Amino acid sequence: MSEANLQTSAVIPQVEVQSVKPLKRPPGPWRTAWSKFRRNPYAMSGLVILSIFVFGALFAPWLTKYDPAKIDLMFANLKAGTDGHLLGTDEMGRDIFARLLYSARISLTVGFSVAIGSVLIGTMVGAISGFFGGFIDTCFMRLVDVMNSIPLLFLNILVLAIFGTEFRYMIIVLILTSWMSVARLVRGTFLQLREMQYVEAARAIGVSNFGIIFRHLLRNSSFPIIVNATLMVGAAILSESALSYLGLGIQAPQTSWGLMLSNAQEFMLVDPLQAVYPGICILVVVLAVNFIGDGIQDSLNPRQKMSERRLDRWRKSFLKSKI
Amino acid sequence: MTEFIIRRTLQSVLVLFLITLVTFGLIHAAPGGPFQMMLAPGLSPEAMEIQAHNMGLDKPLPMQYLHWLGNLLQGDLGYTFKNHVPIGDIIWPTVKNTFVLMSVAWLLTLLIAIPWGIYNSTKVYSLSDQSASFISYIGFAMPTFWFGIILQQIFSIKLDWFPLSDMYSMDKEGQIGDLMMHLILPVTVLTLSFLAGYVKYSRASMLEVLDQDYIRTARAKGVREGKVVYKHALRNALIPVITIIALDLPLLVAGAALTENVFNWPGMGRLFVQMAVAREYSVLMAITLLIAVIVIIGNLLADLLYAVVDPRVQLGRKGGRSA
Amino acid sequence: MAEKLLEIENLTAGFLTQSGTVKATEKVSLSINKGQTVCLVGESGSGKSVTSLAIMRLIDYNSGAILEGSIKFQGDELAKRSQDDMIRVRGNKIAMIFQDPMSSLNPVYTIGDQIAESIMLHRKKSKKEARKIAVDMLRMVGIPAPEIRAKQYPHELSGGMCQRVVIAIALACDPDLLIADEPTTALDVTVQAQILDLLRGLQQELGMSILLITHDMGVAAEMADRIAVMYAGIIVEEGSARDVFARPSHPYTEGLLKSVPGLEGSRGEELYTIKGNIPGLSQLPEGCRFHPRCPHAKDICRQQAPPAFSVSEGHQASCWMYMDEGGAAAWKLESNPEVSR
């Protein structure tokens, strides 16, 4: 049955459905998910918007001739459009459009590396904790308790204050404060899988348990992990901008949307628009990423009750983005 | 009940103890030792040693930790490095200021969010419902501090309706009317950013309850629809909402950090950022601990509250059924 | 002739979905006399619960609606009443009990309060009096130590006890009609029998009518005066319990009876099952709705929906089989068979 048929099967009368032969090979879960995802307008527009930002970040040097860090007080506070400065210049004569583009590099790098890093760490911690159980598991659970008792923004600030505000430290810190949800998810799946028949069977024939469970784990929980990771991209971008705004993240001459906002606030009497652009960039990117995450989730488990799932998601992103 | 409280309290004490270990450990893991940069630059090695000895820095780490913990238990938070001010004197006033800001924002959020969410649950997909979900999407993706900056630009700079920042105007210290004017913008930011989550949450919780069999029973009894919603459904729907709110309370306190910085509000969050920039580790440790205590008390309260509202929860033992 | 309490005529009820209206019942006609027990039998998804929700007008709250037809209760039309008028009928003249007693009671109120609420609403009693009546009701439905039970919460009671409480709530205002939607399905077999006994006893004591909805032919055999069999939203057979059991006249009823262990067929024989599944509401077959599963399906069954044929006095079946027998009295030969009933 083609995808088109799947789509309309709900209205085909019973008789006709019965006459259609069952599929020889059903489409894989990834393909089904993609075909659903493709039909979700929000998710697709999110994907398009994110692609535009990724493109802008990758090809920043070709998209603008200006150096985002070049200070030239002669050309400070130019209006948009003068001298090829698409959005004008800031109080130090830096081209705003160029800064926005190069900031996208920082934000997206932070977003994706934090997501990937915390998925790796979370999967590892969760798998070890779920597999060995007992003392190791207890230690891990207490650690999660501790982590959850300190608001993440405070923890981030604390660590950056101690180790210094370097880009790599920020990424490490954000990873170290975001792996918990993935770890919990993986641990839960591991605990479930451990009880299953085939693990017993494998043990009987002497196959390494951990390997088997790990393989099944990847098969069973890769989708939820991906959704989780998507949400983490948005949360990490928000955290990065907050930290940079507070002066504990990205430092000049590097540039980031949060840092731009911090400058803009100082000079908002002079040029109010400067505070608008970076904020909109953050908003749009995070919105796009969240839409994609939503779309993936919808395309993966349509059976889960809508309200429950949304509830969970709202809570997660709610807590993430506000702390 | 008592047994439960004791068990939970012991658990909390353990978590707190771990937090002291983690924060202490973090700070002492700083490159070059925690207090290196506190010492005046250009001091001779001998002078440095003397100063370190005075501060107890030459003792082994476990001793230092015990010493610090002992002082902490006696309510002695220590002194700042730079001006040797008692840390307690710095922190307590900010706690009060944060409390003022947060309690107003929090109460306002609840007063709007819960009735709105309940209303939306009875009018699903109405204009009101859709605008709430629009707000929530935007709210989750928008950096709160950016929203604050935009409000400042519009309402303080352009329209000049409200003061730009701070808690009181100059020489109006302590006047309630002045405080109110200063509260409006930050409270708006906090309320709007928290609102969407709670509207969604109470709506979803209410929808779930309205779907329950006992609601149908109530309708079958001939109970008016209004009373079905406000008597039979509301109490059940509020159970999870109340718990979540109690759990979030400390996070809201922490969430003020960014808003406090935007509006220069002399609260804990702003102090934390200032002290982070100034590398005043002892103050950071003290605030981190304080917030952890608030978080843990919040969790404990949430559990107790749950037991009070829901007759099904019997603390301390599993709810068995008689007959 | 006995007094008619409830008369449903051509009731079509359905749900409003994004892709349009879905009819869950179509042209259902049914009547219940005073003091009578009528059983509505069918598989899940056959529309029997929708019929009961439509009578109570509770269907409005499930994004459903009565699309056509009338429901006359004691001569009053219920189908077009406003919800404001319906609350005076619900719980007062018509009461209803549901399938799962454990989830049918509000977990945060004591059971005494939940019974008293109904009494205060319809019998205009003070809270104190209502509580006292509530205790009496608990005693009436056979709950031991009713004074203590009244102060307990639903989670402290067993499933059977909960169903007794639900019955107490339903009967608190002495209704003329009790609609019981699968009242025993969620209970243990022994408790099932107790609850059915209780219902029968209370019916004799209070003289009410019962509309019992069940998928269990055994329950129907035990309780029913009359039986209506529903399939895919329509009533396919209706008659006195004796007639239906003695001479099941629709192939579907026949199948249902054959698939009950111990009712028909000898021991050791493999249990009969009706092949296939009940069709979804949005994919009903043309013609007779049962034809894809019917062992006797003929050409006409695939093309036209059968009208109700009278099999004997007060016993009707909607099946083309009976046309060959000369098209008995109930069927007037009209070009449009849909208006026949």
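Colleague: In which helix does Val89(C) lie?

Modeller: Helices are DSSP runs (H or I, at least four residues), numbered from the N terminus. Val89(C) belongs to helix α2 (residues 83–89) of chain C. This is a predicted model, in which local features need pLDDT of at least 70, side-chain atom pairs count only at pLDDT 80 or more, and totals for chains, interfaces and linings use all residues. Residues are numbered from 1 along each chain as its sequence is written, while chains are lettered from A and ligands numbered from 1 in the order in which they are written.

Colleague: Is Val89(C) buried or exposed?

Modeller: A residue is buried if 20 or more other C-beta atoms, placed from the backbone, lie within 10 Å of its own, exposed if 12 or fewer, and partly exposed in between. Val89(C) counts as buried because it has 23 C-beta neighbours inside 10 Å.

Colleague: Which residues does Val89(C) touch?

Modeller: Contact requires C-beta atoms, placed from the backbone, within 7 Å. Leaving aside residues up to four places away in sequence, Val89(C) touches Leu78(C) and Ile94(C).

Colleague: How is confidence to be read in chain A?

Modeller: pLDDT is the predictor's confidence in each residue, from 0 to 100. Chain A has a mean of 76, and 77% of its residues reach 70 or more. Within chain A, helix α4 (residues 41–58) is highest at 90, and helix α2 (residues 14–19) lowest at a mean of 37. Where pLDDT is low, predicted coordinates should not be read in detail.

Technical notes:
Helix = DSSP H or I, 4+ residues; strand = E, 2+ residues; numbered from the N terminus. Contact = placed C-beta atoms within 7 Å.
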